[in-house]
Amino acid sequence: MDIKIAKLPGDGIGPEVVEQGVKAIDAVCRKFGHKVEYSFGYVGACAIDKTGSAFPEETYQTCLEADAVLFGAVGDPRYDNDPVAKVRPEQGLLAMRKQLGLYANLRPVETFDALVDKSPLKRELVEGADFICIRELTGGMYFGEKGRRDNGDTAFDTNLYHRYEVERILKLAFEYAQRRRKHLTVVDKANVLESSRLWRQIAQEMAPQYPDVVTDYMYVDNAAMKLINGPKFFDVIVTENTFGDILTDEASCVSGSMGLLASASVGEKTGVFEPIHGSYPQAAGKNIANPLATILSAAMLLEHLGLAKEGRAVRDAVAASIDAGIVTEDLADGGKAYSTSEVGDWVAAHI
Ligand code: IPM
Ligand code: MN
């Protein structure tokens with residue numbers, strides 16, 4: 001198969017980790033006889049520096065022409081403490097999601113036996129936890145009307161959801177549950193928020209079409225607690241944009257390191273595959289960041305293109321590197337810490 005991948009490394013550690021994802025993809029393509037071609041685009045702070053825009057039109061075109069996007073991270077401390085900055089790196093990510101119609105963000109959480117003791121939670125709570133958060137990604141407060149009134153002293157963000165937006169993400173979530181352990185948890189705040197009541201109403205309308213799936217409803221505050229005191233309860237979680245943002249950072253701790261969590265954003269146009277850890281500016285350029293989340297995102301990318309065996313090969317190599325202790329300092333636990341590129345080289349060689 002001929003594969004066209006757009007590389008969007010972005011900011012901070014993005015370039016270093018994306019390079020390791022590319023090594024894994026190259027190794028898999030050599031092994032399975034695929035031809036892969038890469039294009040490149042700027043996004044985030046580096047794009048603002050080059051073009052003035054955080055998601056330039058050229059980068060959008062590059063994404064449209066590719067089969068998939070391998071993305072690093074955006075963010076730069078230069079903008080973090082400037083609440084009045086006119087353009088922000090994060091706008092690049094939001095524009096990319098919106099323009100590519102990426103309404104579904106899939107964040108799987110799995111645990112690796114060798115790393116269970118890295119989790120802040122007790123072994124018996126974590127061992128065997130395996131769930132996926134499906135976060136709505138192009139609606140809600142992130143994109144609803146926002147602004148200031150009263151000379152800037154009053155601010156608002158609108159948590160707006162249309163029926164079609166809720167239906168399409170729930171459909172995807174029900175279908176995921178059917179392919180997994182057939183348990184869907186719809187997370188909302190329906191005791192307070194009207195938008196949540198719409199979500200719950202639509203979920204209840206749809207549930208009978210999936211009689212093999214056990215559907216339950218949980219308030220987001222309760223879900224936040226359950227992720228800590230009983231993460232094994234979950235199979236598929238579906239929720240709106242802001243709740244999903246918060247819960248997925250929390251969920252990432254269950255597995256022991258945020259440096260392991262991959263994600264896929266899919267929807268109308270080209271899908272984007274990225275680690276969830278962000279730009280980690282303190283580590284940028286030091287060759288110490290954990291590349292495994294990006295390499296696992298590359299596995300999700302391959303699987304999304306229908307290359308299941310290839311995705312499996314990448315996942316097996318990642319598991320092998322963890323078992324062999326070929327890991328970066330966040331996972332080294334007193335043992336030898338390998339560099340970002342050493343871990344990437346090892347995984348590629350193993351593939
Ligand atoms: C994420 C990030 C983004 C979000 C930021 C960088 C805009 O936290 O992908 O979870 O809030 O969605
Ligand atoms: Mn987030």
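In this predicted model, the side chains of R163 and E167 meet in a salt bridge, with 3.0 Å from N to O, where a salt bridge means a side-chain nitrogen of Lys or Arg within 4 Å of a carboxyl oxygen of Asp or Glu. Both residues belong to helix α7 (residues 163-179), and they are four residues apart, about one turn of the helix; helices (H or I, at least four residues) and strands (E, at least two) are DSSP runs, numbered from the N terminus. R163 is partly exposed at 33% relative accessible area, and E167 is likewise partly exposed at 31%, given that buried means under 20% relative accessible area, exposed over 50%, and partly exposed in between (1.4 Å probe, protein chains only).

Salt bridges with shared partners also join D130, R180, R181 and D235 into one network, and the count of salt bridges comes to 23.

R315 counts as buried at 18% relative accessibility, whereas E110 is partly exposed at 34%.

| Salt bridge | N to O distance |
|---|---|
| R163 and E167 | 3.0 Å |
| R315 and E110 | 3.8 Å |
| R123 and E127 | 2.4 Å |

Residues are numbered from 1 along each chain as its sequence is written, while chains are lettered from A and ligands numbered from 1 in the order in which they are written. In this predicted model local features need pLDDT of at least 70, side-chain atom pairs count only at pLDDT 80 or more, and totals for chains, interfaces and linings use all residues, while side-chain values use heavy atoms, with hydrogens and water left out.
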